[in-house]
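Let me jot down what I looked up here.

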Amino acid sequence: MKETKILMGMTVTVEIADIGAGEADINAVFDYFNHVDEKFSTYKATSEITKLNKGLLTKNELSQEMCAVLEMCAETKNLTDGYFDITRPDGTLDPSGLVKGWAIQNAADIIKNRGFENYYIDAGGDVQVSGVSGDGRPWKIGIRNPFNPEQEIVKVVSVRDAGMATSGTYARGQHIYNPHHKKSEIKDIVSLTVVGPNIYEADRFATAAFAMGKRGIDFIENLAGFEGYMIDQAGIATMTSGFTQYTHA
Amino acid sequence: MKKLTLSLFVIVTFAGFGLYRWLQTSTEVVILVTPEPTQSSLPTPYPTAKPSPTVTPSAGATPPPRPTATPTPVITPKKLGQYVDGQYTGSVADAYYGNIQVRATIQNGLITDVVFLQYPNDRSTSREINGQAMPMLRQEAIQAQSANVHIVSGATDSSGAFRESLASALAKAQ
């Protein structure tokens, strides 16, 4: 049972390999994503985050969900030496960098709590995987070629019970400069994929590590339980020391 | 004078670090952060500064592949007086796997402490780099693979989080 919808401005695919999965199971996931979007979308005038940013809500009036998310954002900022920061230059908050992974994780729990073991949720290229695919083998995930994103994948990994997120920019001509050496352009990274225990963890650390530039892969190397695959401007990939455990299918 | 001493110090430190990286195959390397004595009028002959930090790669540490690393030539200062007491933070230098920045403490004209504010393990603590093997990260040129997969992971260019995060990092660096 597999279904794809456009939600929150991205393609969301849910596949449950277990026998007995039905429309209601998959719709429960889509409904949840809609709920998250209503609450956390900074593009919606009625969302809670927009109201908070407009000063229409005080901290005491925030929902438990919002409080939890803001707390996780603060914790993530702390864990990443400030590289993960939801505060915009104008002072408003945009927690979407964390909400996406968190929502995928919660959606996966919804499927799990309905008694399923073998499924995945893919929301805009960030994936939570559980169990195995319909043929009994691990789910295979391809890493998109950042230089040819429509056409190609450049790496195939097999994971079970893990989260995998890719941060990056495929916009050609966009360069990143070492903030400490602004005059010397560096061949910086275009794509950083992180595999972790779940998509919430993988996504938030992928976001932060990408902003670190080439040092990002070292940050992932030093995180226990996480592996990464970084692609730089020259098309050279650098992988963490344990990454190959996922490439031997 | 302060600037000159500081910059000379930083150069010597980085030269030492470069040598350390170059000499990682040897069993033990010690970086001596020692200013060059040139003024004969100094009452105490240099170096008396504590050699800090001491770099001792662990026995099992294998040198990582470092195709672009070359030892920095040691620049000997031509003239150097006594350091002015205080704490000085060096500039940030790119060390291939990351940045390096040090802070030196001068007491009674001598270097009494050197703290690594940044070094290539991305830990902004004063932990010494003793035996901390650099990550051995494999590299490969990317190649198109069979598209026989269930899922594709990739970034969407509309990732607002990425732009926010990067902007915040750049703002911090200014």
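Two strands pair if DSSP finds at least two bridges between them. Helices (H or I, at least four residues) and strands (E, at least two) are DSSP runs, numbered from the N terminus.

This is a predicted model, where local features need pLDDT of at least 70, side-chain atom pairs count only at pLDDT 80 or more, and totals for chains, interfaces and linings use all residues. Residues are numbered from 1 along each chain as its sequence is written, and chains are lettered from A and ligands numbered from 1 in the order in which they are written.

I started with the overview: chain A has 6 helices and 10 strands. I then looked up burial (buried means 20 or more other C-beta atoms within 10 Å of a residue's own, exposed 12 or fewer, partly exposed in between, with C-beta atoms placed from the backbone). Of the 249 residues in chain A, 48% are buried.

Next came strand S7 of chain A, residues 162-168. I found 7 of its 7 residues buried. Ala162(A), Met164(A), Thr166(A) and Gly168(A) point one way from S7(A), while Gly163(A), Ala165(A) and Ser167(A) point the other way.

Which strands pair with S7(A)? Strand S4 of chain A (residues 126-130) does, antiparallel over 3 bridges, and Val129(A) stands opposite Ala162(A). Strand S8 of chain A (residues 189-196) pairs with S7(A) too, antiparallel over 6 bridges, and there Gly163(A) stands opposite Gly196(A).

Last, I checked helix H5(A): 13 of its 13 residues are buried. After H5(A) comes Gly213(A), with a positive phi near 75°.
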